[in-house]
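Hello,

Here is the model I promised to hand over. Please look through it first; my notes follow below.

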Amino acid sequence: MATFPSIKPAYGQTQTIEQDNIVVKLGDGYEQRLVRGLAANKRCHVVSLTFDVSQTDANTINTFLDARFDDQESFDFTIAGESSPRKFKCTKRSSSFPYNNRVSMNTTFKEVFEP
């Protein structure tokens, strides 16, 4: 399992927790909620990160993520404030170039559940 390069994101990440469920509206305000999948307590973490890095570090990040694009291979990444890594895939990324040899990268990592 590959581990995301040890390049730290800029301060201030956004973390969203999604739960995959099905809601059936039965009428009169009643509804039935069912969790989709095997794990009944599965909560998917979606993390939005910004990296303000040099062009060299941006190339390292892009190369790492490009290598996992075709197979949709997951990678290990540790969320700020946690001690153990989780498995993620990168679902979205964009770059801007505010200064010479500087890159601001916005990425979205979505947690995946694999053995």
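Asparagine 101 sits in the loop between β7 and β8. Strands here are DSSP runs of E with at least two residues, helices are runs of H or I with at least four, and both are numbered from the N terminus. This is a predicted model, in which local features need pLDDT of at least 70 and side-chain atom pairs count only at pLDDT 80 or more, while totals for chains, interfaces and linings use all residues. Residues are numbered from 1 along each chain as its sequence is written, and side-chain values use heavy atoms, with hydrogens and water left out.

The phi of asparagine 101 is positive, near 65°, and the residue is not a glycine. Its relative accessibility is 47%, so asparagine 101 counts as partly exposed. The classes are: buried under 20% relative accessible area, exposed over 50%, partly exposed in between (1.4 Å probe, protein chains only).

Aspartate 28 also has a positive phi, about 55°, without being a glycine. It lies in the loop between β3 and β4. Aspartate 28 is exposed because its relative accessibility is 79%.

β3 (21-27) and β4 (30-35) each give at least two residues to the patch. The largest share, three residues, is from β3. Leucine 26 belongs to β3. With a relative accessible area of 57%, leucine 26 is exposed.

Lysine 25 and glutamate 31 form a salt bridge, with their closest N and O atoms 3.2 Å apart. The criterion is a side-chain nitrogen of Lys or Arg within 4 Å of a carboxyl oxygen of Asp or Glu. Lysine 25 is exposed at 66% relative accessible area; glutamate 31 is partly exposed at 32%. Lys25, Glu31 and Arg33 are linked in a salt-bridge network.

**Other salt bridges**

How many salt bridges are there by this rule? The count is five.

One of them joins the side chains of aspartate 66 and arginine 93 (2.4 Å, N to O). Aspartate 66 is in helix α1 and arginine 93 in strand β7, so this pair ties together parts 27 residues apart in sequence. Aspartate 66 is partly exposed at 45% relative accessibility, and arginine 93 is partly exposed at 30%.

Arginine 86 and glutamate 82 also meet in a salt bridge (3.0 Å, N to O). Glutamate 82 is partly exposed at 29% relative accessibility. Arginine 86 is partly exposed at 23%.

**Arginine 86 and glutamate 111**

Arginine 86 is in β7 (residues 86-96). Glutamate 111 is in β8 (residues 102-111). They are 25 residues apart along the chain, and their C-alpha atoms are separated by 7.1 Å. Their side chains make a polar contact at 3.1 Å. That term means a pair of N or O atoms within 3.5 Å; within protein, one must be able to donate a hydrogen and the other to accept it, and residues adjacent in sequence count only if both atoms are side-chain atoms.

Is glutamate 111 buried or exposed? It counts as buried, because its relative accessibility is 8%. Leaving out residues up to four places away in sequence, glutamate 111 touches Arg43, Cys44, His45, Arg86, Lys87 and Phe88. Contact means heavy atoms within 4.5 Å.

**The core**

The largest nonpolar core has 18 residues; Phe4, Phe51, Ile61, Phe75, Phe77, Phe88 and Phe109 touch the most other members. β5 (44-54), α1 (55-67), β6 (75-77) and β8 each contribute at least two of its residues. A nonpolar core is a set of buried Ala, Val, Leu, Ile, Met, Phe, Trp, Tyr and Cys residues joined through side-chain atoms within 4.5 Å.

Beyond four places in sequence, phenylalanine 109 has contacts that include Phe4, Phe75, Phe77 and Phe88. His45, Val46, Val47 and Leu49 are also among them.

Best wishes
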